[in-house]
Amino acid sequence: MPARTGRTKKEQREISVAKLLEAALGFFVTEGYRATTIERIANTAGLTKGAVYFYFRSKAGVLMQLLERADESIIDPTVQATDKAGPQATNRLVAFMHTLSLVTTERPERTALSRLVLLMSLEFRGTGDPIEKCLDKMMARLDAALTDTVEMGKKRGEFRRDLET
């Protein structure tokens, strides 16, 4: 049954979640995770604290959702482009760098998500928190794509062998 606004419950949920994520992303990037309150996220989104808990259960849940978006919109395309670049390590390296540059700058949300990943990696470093583990996993995927490419290039003589990967 559509809500009074003419929107279905599903559409209203999607709008509310998007507003909350946008507000949280802005605060996490500009002020940090610990300095950001659920109340501030909710107020900026024009919703209640209860809405944040309803949709995400916690502030950590909000951050994890944003990190999932970063993984899907930044890490996945970069790793996939590297894998699809063919057998030459040089082409794979160019694909890695080109794709990572494009996906992190082509849309403002992705630029903010890339900043979020970097900043949260610093803020959660050494905490042992599940968020740190999520971030480490994301970075490990990028590292593996790059390391494999460089090692391949060294073996094939495309890259210098006398330097550490």
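**Close-up views of a predicted helical model**

View 1. L47 is partly exposed, at a relative accessible area of 24% (buried is under 20%, exposed over 50%, and partly exposed in between, with a 1.4 Å probe and protein chains only). This is a predicted model, in which local features need pLDDT of at least 70 and side-chain atom pairs count only at pLDDT 80 or more, while totals for chains, interfaces and linings use all residues. Residues are numbered from 1 along each chain as its sequence is written, and side-chain values use heavy atoms, with hydrogens and water left out. L47 lies in the loop between α2 (38-45) and α3 (49-56); helices are DSSP runs of H or I with at least four residues, strands are runs of E with at least two, and both are numbered from the N terminus. Leaving aside residues up to four places away in sequence, L47 touches S16, L20 and A42, where contact means heavy atoms within 4.5 Å. Between the C-alpha atoms of L47 and L102, which are 55 residues apart along the chain, the separation is 33 Å.

**View 2. Packing of α1 against α6.** Helix α1 (residues 9-31) packs on helix α6 (residues 108-124) at an angle of about 50 degrees, and their axes are 9 Å apart. That angle makes α1 oblique to α6 (under 35 degrees is roughly parallel, over 145 roughly antiparallel, 65 to 115 roughly perpendicular, and the rest oblique). Axes are lines fitted to C-alpha atoms, for helices over the stretch in contact, and angles run from 0 to 180 degrees between N-to-C directions. From α1, the residues L25, F28 and V29 meet E109, A112, L113, R115, L116, L119 and M120 of α6. This α1–α6 contact comprises 8 nonpolar, no polar and 2 charged residues; Ala, Val, Leu, Ile, Met, Phe, Trp, Tyr, Cys and Pro count as nonpolar, Asp, Glu, Lys and Arg as charged, and the others, Gly among them, as polar.

**View 3. Backbone at R57.** R57 occupies the loop between α3 and α4 (59-84). Its phi is near 75 degrees, a positive value in a residue other than glycine. Most residues other than glycine have a negative phi. R57 is exposed, with a relative accessible area of 74%.

**View 4. The whole chain as context.** The protein contains 7 helices and 0 strands. Along the principal axes, the C-alpha trace of the protein spans about 65 × 35 × 20 Å. Of the 165 residues, 36% are buried.
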